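Please keep the structure open while you read them.

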Amino acid sequence: LHQQDFRWVRGYNAMDLDFRAASKDGARFKYSLDAGYIAAVDNSSGTDGMYSRLNEQVLDLSAAVGSRFNDKDFVLEADMSTALYSDLVDASATVVAVTPKYIYERGALYASLGVRFDKAFYAEYFNVFQGLRKQQVIYPDVDVRLKLVPEYLSACLKLGGGSRLLSYSDI
């Protein structure tokens, strides 16, 4: 419980870069590539000489390729998120995932049925948390939508899961 918080000076600076490329809608061969990068520094200092600094770098990559046959799509998605930390803490964490999907679209019905396979990798620093040692690897990836009143009302069902990298800059 800090009674004299006014003595602390804190600064957070970040740079966020994003990139996206994708095929045109309706193309027989589909692709997309998304990339995001965050570089951040969190500085804290007090009048008593205390000083701390945390550097963070986060890289998110996502790619998907697929092909359309009649009103069905077969898509393979791949995702990778990694966070690197230095100064106050030297640590890293990475999540890698692959999701094959079957997508059916006809009239008012849209159905995407897939299975997500993912794995999280943590630096030794994060292994102090017991929950990180046991991981589920296979998750459902289901998205079903039915247009009840076009443009106004749809019924949706989504089932999914997976490991998510919660970085310092997300907090």
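1. Start with a term. Contact means that heavy atoms lie within 4.5 Å. By that rule, and not counting residues up to four places away in sequence, Ser167 touches Glu56, Val58 and Tyr85. Bear in mind that this is a predicted model.

2. Where does Ser167 sit? Its place is in the segment after strand S8, residues 153-159. The side chain of Ser167 also makes a polar contact with the side chain of Ser169, at 3.2 Å.

3. Is Ser167 buried or exposed? Its relative accessible area is 3%. Buried means under 20%, so Ser167 counts as buried.

4. Now compare Phe117, which is found in strand S6. Phe117 has a relative accessible area of 37%. That value falls between the 20% and 50% cut-offs, so Phe117 is partly exposed.

5. Phe117 belongs to a nonpolar patch on the surface. Other members include Phe29, Tyr31, Val65 and Leu76. Together the patch residues have about 760 Å² of accessible area. Which strands each supply at least two residues of the patch? They are strand S2 (29-46) and strand S6 (109-122).

6. Go back to S8 and look at its pairing. Strand S7 (residues 138-149) and S8 pair in the antiparallel sense, over seven bridges.

7. Last, check the turn. The hairpin of S7 and S8 has three residues between the strands. There, Glu151 takes a positive phi near 75°.

Conventions. Residues numbered from 1 in each chain as written. Predicted model: local features only at pLDDT ≥ 70, side-chain atom pairs only at ≥ 80, totals over all residues. Heavy atoms only, no water. Helix = DSSP H or I, 4+ residues; strand = E, 2+ residues; numbered from the N terminus. Buried < 20%, exposed > 50% of the residue type's maximum accessible area, 1.4 Å probe, protein only. Polar contact = N/O pair within 3.5 Å; in protein donor to acceptor, adjacent residues only side chain to side chain. Patch = residues over 30% accessible without salt bridge, like charges linked within 9 Å, V, L, I, M, F, W, Y side chains within 5 Å. Areas by Shrake-Rupley, 256 points an atom, 1.4 Å probe, with all protein chains shown as cover. Salt bridge = Lys/Arg side-chain N within 4 Å of Asp/Glu carboxyl O. Pairing = 2+ DSSP bridges.
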